[in-house]
There are 2 protein chains.
Amino acid sequence: VSTLRTPRVVAARKLLRRREREAAGRFLVEGPHLVREATRIHDLFGTPSALARHPDLARRADRVSPVGEEVLAVLAGTVAPQGLVGVCDFVDVPLDVALDNRPSLVAVLVGIRDPGNAGTVLRTADAAGAGTVIFAGEAVDPYNGKCVRASAGSLFHVDMVRSATPEVDELRAAGMRVLAADGHGDADLFELDLAAPTAWLFGSEAHGLPDGVAEVADARVRIPIHGRAESLNLAAAAAVCLYASATAMRRGDPQR
Amino acid sequence: VSTLRTPRVVAARKLLRRREREAAGRFLVEGPHLVREATRIHDLFGTPSALARHPDLARRADRVSPVGEEVLAVLAGTVAPQGLVGVCDFVDVPLDVALDNRPSLVAVLVGIRDPGNAGTVLRTADAAGAGTVIFAGEAVDPYNGKCVRASAGSLFHVDMVRSATPEVDELRAAGMRVLAADGHGDADLFELDLAAPTAWLFGSEAHGLPDGVAEVADARVRIPIHGRAESLNLAAAAAVCLYASATAMRRGDPQR
């Protein structure tokens with residue numbers, strides 16, 4: 001059984017830090033669901049009982065290391081680990097590769113720092129059929145453990161792009177309308193025709209989109225508030241916008 | 001300046017516990033935004049600087065107690081308190097009072113235990129124009145500090161009802177269609193006519209609606225998944241359902 005001093009465990013534990021993840025090009029996934037989603041698992045750490053419960057996952061991994069609960073908890077970085085932690089390769093792709101797949105719906109997370117929020121929007125984007133999700137600007141690391149968990153596997157389902165900028169020009173050049181979600185926007189979401197390919201820009205709940213970003217979008221779009229709430233939280237707002245687009249596109253093209 | 005031993009602080013601190021809240025019929029709100037939303041503040045605790053920044057709030061409170069950062073942090077129950085904590089009365093109303101206001105959109109949270117999720121759904125329901133939100137079954141206490149914070153004030157905007165059951169018969173008797181949000185439901189949300197008054201039942205993300213609850217709804221409704229995500233998280237699913245209803249009702253009645 002491996003301990004916290006076993007070299008393989010030491011190497012994996014380093015991946016809890018962003019800098020070390022960047023250097024290795026690898027990150028950690030926790031729990032059987034996420035381990036199953038990963039294309040390739042270099043190292044699989046598991047309690048003996050979890051490994052026995054998931055022989056298919058143990059067979060797929062390059063190397064398997066049984067560990068105790070203590071080691072697992074350290075690698076999992078969560079209070080209720082599910083017995084397995086895997087080491088896998090970064091999955092992000094360059095923007096041009098993502099755009100070559102001709103997505104009709106794209107979500108751009110601009111400067112979102114909360115990993116739980118970012119992961120939730122990634123999951124919602126996947127559900128709504130967004131083929132590409134861009135993490136732009138000073139955003140959370142998509143390989144942060146909380147973000148990976150909140151994505152519930154969607155990190156492995158979409159073309160995920162990391163970029164210093166929101167890439168508005170490139171998205172537009174690829175034929176997409178670029179819409180900024182903005183609580184103070186002048187266009188009402190439900191009065192727009194959303195059937196065309198669309199990239200949505202979402203900013204942080206606390207600070208909105210950074211200066212200059214909403215201005216370059218084709219429209220600043222607000223979700224109408226019918227009650228007395230001042231705004232929606234980010235996960236709710238993204239879900240409403242992305243599903244409004246997905247539904248309009250499906251209605252516009254019954255083949256979808 | 002009051003300390004942790006000052007009787008008023010001792011009494012307020014007890015309200016961090018659900019049992020004591022129930023006994024007193026009072027709860028705590030944290031931060032100037034929530035303090036401002038409360039109809040009546042019995043006691044207002046604040047750091048001297050926060051009280052100086054918000055003289056209007058200090059004037060409205062029955063009693064004002066300057067406290068140090070330490071006392072404030074204890075009462076606020078959060079890592080980044082905003083200088084003010086108020087004691088106010090429970091705001092829930094009986095179901096018949098809420099239904100007398102003839103809401104056309106109702107959200108029922110059935111057995112949702114996570115306070116952040118519950119508060120977020122409450123906020124989203126308010127934004128979508130739901131006049132009534134019901135906390136049903138073994139649900140989180142709506143007066144839990146995390147729930148109050150996540151509601152962002154919406155606790156004070158809607159008719160909030162606490163009930164042992166989802167009250168399906170009463171909602172139907174009040175002329176509402178009762179729809180169960182269910183990832184495995186047989187009705188597609190976007191193929192339904194949602195213009196009629198509707199009560200939505202939402203269960204916990206982990207366990208869904210309890211046995212027997214979805215069965216008594218008029219329909220079990222799924223949000224279509226266009227990508228490879230298995231499901232949406234609760235806040236996202238509730239936002240999509242509630243806004244689908246709100247939008248259909250507005251289209252059905254241009255006066256709204």
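1. Chains A and B bury about 2,800 Å² between them, 54% of it from carbon and sulfur atoms; buried area is the accessible area (1.4 Å probe) that two parts lose on being put together, summed over both. In chain A, the residues that lose the most area to chain B are A:R123, A:H226 and A:Y243, together 22% of what that side buries.

2. This is a predicted model, in which local features need pLDDT of at least 70 and side-chain atom pairs count only at pLDDT 80 or more, while totals for chains, interfaces and linings use all residues. Residues are numbered from 1 along each chain as its sequence is written, chains are lettered from A in the order in which they are written, and side-chain values use heavy atoms, with hydrogens and water left out.

3. Contact (heavy atoms within 4.5 Å) involves 35 residues of chain A and 35 residues of chain B.

4. The rule finds four salt bridges across the interface, a salt bridge being a side-chain nitrogen of Lys or Arg within 4 Å of a carboxyl oxygen of Asp or Glu. One of them joins B:R250 to A:D188, with the closest N and O atoms 3.2 Å apart.

5. On the side of chain A that touches chain B, α3 (32-37), α8 (115-127) and α12 (234-252) each supply at least two residues. The most come from α12(A), with nine residues. Helices are DSSP runs (H or I, at least four residues), numbered from the N terminus.

6. The same surface serves both copies, as 100% of the contact residues of chain A recur in chain B.
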